Amino acid sequence: MKTLSKFFLLAGVAALCSCTSGHNTSDKSTTGQASSEQSASGAVSSEQGSNGQTAQSEQVIKTIMSRRSIRKYRNTPVESEKLEQILNCGINAPSGMNKQSWEVRVINSQKLLSEIDSTYAEFMKANNGVSANVKPAAYGAPTLIFIAHDTAYDLSQVDCGLLGANIILSAQSMGLGTCCLGGIVRFMNSPQASSLLKRLELPEGYNLLYAIALGYPDESPAAKARKTEKIKFIE
Ligand SMILES: Cc1cc2nc3c(=O)[nH]c(=O)nc-3n(C[C@H](O)[C@H](O)[C@H](O)COP(=O)(O)O)c2cc1C
């Protein structure tokens, strides 16, 4: 078994060096269909650079490596075309037996977000001993996406995680920031939030799994250390 610390150090430096901007303005479609740059098999064709990576793969790696959880957002709404494309990327994630065993609820209404925030503040004060200055539930992001899983399907949480990764990374490629929110589910499942949960109109058998805050970032947090020793090659 070998650990990959050196490999990741070099790969990380290479990926960071390739970062010139966090934005990808090459999005051409809001339908989620393959672009004309893709072959019939879906493979993206492009010229290979001297380091062996195509411009497209460099862009993908840059998007992945530059993503950080954002906990401070600008007060700018997410454009509906971008949101539509991000959600389309989400539902184009792989899913077990193509069950697409997720339910996605998007909240853009600032009125509803304020309602969530005020109920969340009450909940935190009552249950978590937070006395004042409770941060907004979605850190002030203008869009909050709830993701629910099918409790009757054992791999549904995998489906939902992959859906979220597509949402997060496509958002990142458009200059948008995100933060996964697991803690918000405890709140949404609390008696205080029962009427908010009802408004999500989840079908029978679906439970909230997590949420994603989405909006234009107002901070640039540094990357946290990664445990490269958790990856081992088995020979
Ligand atoms: C399943 C899951 C639940 C999370 N829940 C929260 C949360 O409730 N609040 C929060 O601020 N961040 C939450 N995060 C974000 C993590 O704290 C963050 O991804 C981690 O610290 C690594 O930092 P990075 O995303 O900037 O690389 C969650 C992430 C995941 C994947």
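**Fold, helix packing and ligand shell**

Along the sequence, the protein chain runs α-α-α-β-α-β-α-β-α-α-β. This is a predicted model: local features need pLDDT of at least 70, side-chain atom pairs count only at pLDDT 80 or more, and totals for chains, interfaces and linings use all residues. Residues are numbered from 1 along each chain as its sequence is written.

Me: How many helices and strands does the protein chain have?
Reply: Elements are DSSP runs, numbered from the N terminus: helices are H or I, at least four residues, and strands are E, at least two. On that basis the protein chain has seven helices and four strands.

Me: How are the axes of H2 and H5 oriented?
Reply: Axes are lines fitted to C-alpha atoms, for helices over the stretch in contact, with angles from 0 to 180 degrees between N-to-C directions. The axes of H2 (residues 55-66) and H5 (residues 156-173) come within 9 Å and cross at roughly 105 degrees. Angles of 65 to 115 degrees count as roughly perpendicular. So H2 is, relative to H5, roughly perpendicular.

Me: Which residues in H5 does H2 meet?
Reply: Contact means C-beta atoms, placed from the backbone, within 7 Å. From H2 come Thr63, Ile64 and Ser66; in H5 they meet Leu169, Gln172 and Ser173.

Me: Which strand gives the largest share of the shell around the ligand?
Reply: The residues around the ligand include Cys179, Cys180 and Leu181. Three residues, the largest share of the shell, come from residues 177-181, strand S3.

Me: What percentage of the protein chain is buried?
Reply: A buried residue has 20 or more other C-beta atoms, placed from the backbone, within 10 Å of its own. Of the 235 residues in the protein chain, the buried share is 25%.

Methods:
Near = placed C-beta within 6 Å. Parallel < 35°, antiparallel > 145°, perpendicular 65-115°, else oblique. Contact = placed C-beta atoms within 7 Å. Buried ≥ 20, exposed ≤ 12 C-beta atoms within 10 Å, placed from the backbone.
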